[in-house]
Amino acid sequence: AGFEMALAPAFRKDFRESLYRMVVALTGIGVTVLSTAETSESFIDLPSSADAISFMTDDIIRFRIVEIEGQLRRELFIVKMRGCDHSKGIYEYTITSEGLKIGAPLNHYRGLMTGVPVALDAPEVPLHKTD
């Protein structure tokens, strides 16, 4: 939202073009651009920004909060890393006074992408009683 106001205050339709020009200019002189984008939360769809600007990024890392065993926990995964065979795992992370710490993959859960994670060793519980 801040970039949008700074780059195209009068015309929202100019935002993508203005942002693209800025990124191209900065990367052209060797600057690494790190940006964040707030997305609407959907556990089923892969993330994308409302302005469809992911085409101009080389890498997309998704950070979000998920409930695991009654606690809010932070997870991250790589959606896109252009030109690289990146990790496909979902990892827990913490933010400490020393910075971001990435833990082991959350391999012992299924359903993390749906927002309803279940431990792999947990028994399957039906949503309704079957006869």
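A salt bridge here is a side-chain nitrogen of Lys or Arg within 4 Å of a carboxyl oxygen of Asp or Glu.

1. **What we are looking at.** This is a predicted model, where local features need pLDDT of at least 70, side-chain atom pairs count only at pLDDT 80 or more, and totals for chains, interfaces and linings use all residues. Numbering starts from 1 along each chain as its sequence is written, and side-chain values use heavy atoms, with hydrogens and water left out.

2. **Overall layout.** You'll find two helices and six strands in the protein; these are DSSP runs, helices being H or I of at least four residues and strands E of at least two, numbered from the N terminus. Along the sequence the pattern reads α-α-β-β-β-β-β-β.

3. **Surface and contacts.** The accessible surface is about 9,900 Å², and carbon and sulfur atoms own 57% of that; the areas come from the Shrake-Rupley method with a 1.4 Å probe, and for residues only the protein chains shown count as cover. Of the 131 residues, 23% are buried, meaning under 20% relative accessible area, with exposed being over 50% and partly exposed in between (1.4 Å probe, protein chains only). Among contacts (heavy atoms within 4.5 Å) with a separation of 6 or more, 29% are between residues 24 or more positions apart.

4. Strand β1 (residues 59–68) runs antiparallel to strand β2 (residues 71–81), and 10 bridges join them; strands pair if DSSP finds at least two bridges between them. Ile 65, for instance, has Arg 74 in β2 as its bridge partner. Two residues sit between the strands of this hairpin, and Glu 69 takes a positive phi near 50 degrees there.

5. **On to β3.** Strand β2 also pairs with strand β3 (residues 90–96), again in the antiparallel sense, over three bridges. Here Glu 75 stands opposite Glu 92 of β3.

6. **Arg 64, worth a look in the viewer.** Is Arg 64 buried or exposed? Arg 64 is buried, because its relative accessible area is 5%. The side chain of Arg 64 makes a polar contact with the side chain of Glu 75 at 2.7 Å; that term means a pair of N or O atoms within 3.5 Å, where within protein one must be able to donate a hydrogen and the other to accept it, and residues adjacent in sequence count only if both atoms are side-chain atoms. A polar atom of the Arg 64 side chain also lies 3.1 Å from the backbone oxygen of Leu 112.

7. **That pair as a salt bridge.** Arg 64 and Glu 75 form a salt bridge too, with the closest N and O atoms 2.7 Å apart. Arg 64 is in strand β1 and Glu 75 in strand β2, so the pair ties together parts 11 residues apart in sequence. Both Arg 64 and Glu 75 are buried.

8. **Glu 92 and Arg 73.** The side chains of Glu 92 and Arg 73 meet in a salt bridge at 2.7 Å, N to O. This pair links distant parts of the chain, Glu 92 in strand β3 and Arg 73 in strand β2, 19 residues apart. Arg 73 counts as buried because its relative accessibility is 16%.

9. **Glu 98 and Lys 101.** A search of the whole structure finds four salt bridges, including one between the side chains of Glu 98 and Lys 101 (3.4 Å, N to O). Glu 98 is exposed, at 67% relative accessible area, while Lys 101 is partly exposed, at 36%.
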